[in-house]
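Take a walk through this two-chain model.

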Amino acid sequence: MNQQQIQTTIGEIVRGDREVFPPYLYEAYQSTRRRAPQLALINVPLTLSELTGPGHAISAITSEDADLTRNAGTGGEAVGQRIILTGRVLDESGAPLPNTLVEIWQTNASGRYLHKRDQWPGPLDPNFLGMGRALTNAEGVYRFLTIRPGAYPWKNHPNAWRPAHIHFSLFGPTSLTRLVTQMYFPDDPLFFQDPIFRSIPTERARQSLIATYDHSITEPEWALGYRWDIVLRGANATPFEKAEGNA
Amino acid sequence: MSSLPLTGSQTVGPFFSLGLLYPAAQRNVLANPQTAGERIRVEGRVLDGAGVPVPDAMVEIWQANAHGRYNHPADQSEAPLDPDFTGSGRSGTDEEGRYWFDTIKPGRVAFNDQIKQAPHLTVTIFARGLLNHLVTRVYFVDEPSNVEDVTLQCVPEARRATLLAHRETREGVTVYRFDIVLQGVNETAFFNV
């Protein structure tokens, strides 16, 4: 990876582990400037409200729709490099989290989202919605069949391009396990200039957002394979470390 | 116990409605005609540091039923479950930054064996420009038990009002208004959880 650093102002306010979670204010990502809170987060006890959560109930009512190459319902198949994307959802102790809803969304192969606000001239694909969902199985494993998303330009800075990524949203078993994040692909040459990726504070934590190419996941004559595990806070979660400077 | 590093958070970006707000994924209406409890609408705006509405935010809520019981295996209280209530909501914001939920006022859930919490909703906010989600609570301004709520008392007194939803009645419907201010004057108190 290009080790060039983005020069930016980094805010003090962080929710959770400062080695893992990005600061709210990361000025190189311009949209943080008016939206990042400026006052210390409040340390509160973990009550039943935090130690329960909607994941259990939502999982029970969701149908599976994990084939993004065909779920547009057109009868046609999405254009692009087919990939199988699989991995485990674990808690901090390594225990698998079964029956957990995983919602994903992404661009098509040309880097275009099917969204009215995405108007850059990458072609749309009538056979690709770019959204899917799956439940983890008893071993905590999710599996999607999709196409590899493309990179796309955005207006954050001159000639800014987002590295190819897939958005992930997970509930997990409690309110504490809620996570929305993005999964990236190995060796992407665009990481060095992407403030969203680089807002993750440490190299180890950034690497954990990058999937691994895994030939054992591929299907011959059909699809390539990537593996990406996700670690959520545990069932026995303790409060986050006291926020610095939060008297 | 070995401890794996957690997976970091990233913004939902500007296009999340594609994956998170398609019709079957929106849950603005939590109560059906059989649900027990006092019908309320909870609504408000998400505002940025310049007071500008945030049109690309998502607000999720989680709450107990009218009897004060969460629909979750970790809540083993004697209060009954309500088969007509899950307690989970998800709303996008519109061009004016507005979100809304039609729900019921939650009952009081336990804080510990001795005391109960004041009625509240757990609120989670996502948006373009939020690299990590924000967590807070909605309390009800006309609720006497607020003064004994341990979590609310953790919030510095000067900021406590930012967690109080204000009651009004509109065409016979009880409406609690709760604006979420991401930054600046009257910034909502967010929690480190």
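Two strands pair if DSSP finds at least two bridges between them. Helices (H or I, at least four residues) and strands (E, at least two) are DSSP runs, numbered from the N terminus. This is a predicted model, where local features need pLDDT of at least 70, side-chain atom pairs count only at pLDDT 80 or more, and totals for chains, interfaces and linings use all residues. Residues are numbered from 1 along each chain as its sequence is written, while chains are lettered from A and ligands numbered from 1 in the order in which they are written.

Start in chain A, which holds 4 helices and 11 strands. Four of its strands make an open sheet in the order S3-S2-S7-S8, with antiparallel pairing. Strand S3 (131-135) and strand S8 (179-184) of chain A are the edges; each has a single partner strand, so one side of each lacks a neighbour in the sheet.

Strand S7 (residues 165-170) of chain A meets S8(A) in the antiparallel sense over 6 bridges. There, A:Phe168 has A:Thr181 in S8(A) as its bridge partner. In a regular strand, side chains alternate between the two faces of the sheet.

Now turn to S10. Strand S1 (residues 82-91) of chain A runs parallel to strand S10 (residues 224-227) of chain A, joined by 4 bridges. A:Ile84 stands opposite A:Gly225 in S10(A). Strand S9 (residues 212-213) of chain A runs antiparallel to S10(A), with 2 bridges. A:Tyr213 has A:Tyr226 in S10(A) as its bridge partner.

Step back to the whole of chain A. Its C-alpha trace spans about 60 × 45 × 35 Å along the principal axes. Buried residues (20 or more other C-beta atoms within 10 Å of their own, with C-beta atoms placed from the backbone) make up 44% of its 247 residues.

Finally, cross to chain B. Here 63 residues of chain B are in contact (C-beta atoms, placed from the backbone, within 7 Å) with 67 residues of chain A. On the chain B side, helix H1 (17-20), strand S5 (120-127) and helix H2 (150-154) each give two or more residues. S5(B) supplies the largest share, 5 residues.

Key. Contact = placed C-beta atoms within 7 Å. Buried ≥ 20, exposed ≤ 12 C-beta atoms within 10 Å, placed from the backbone.
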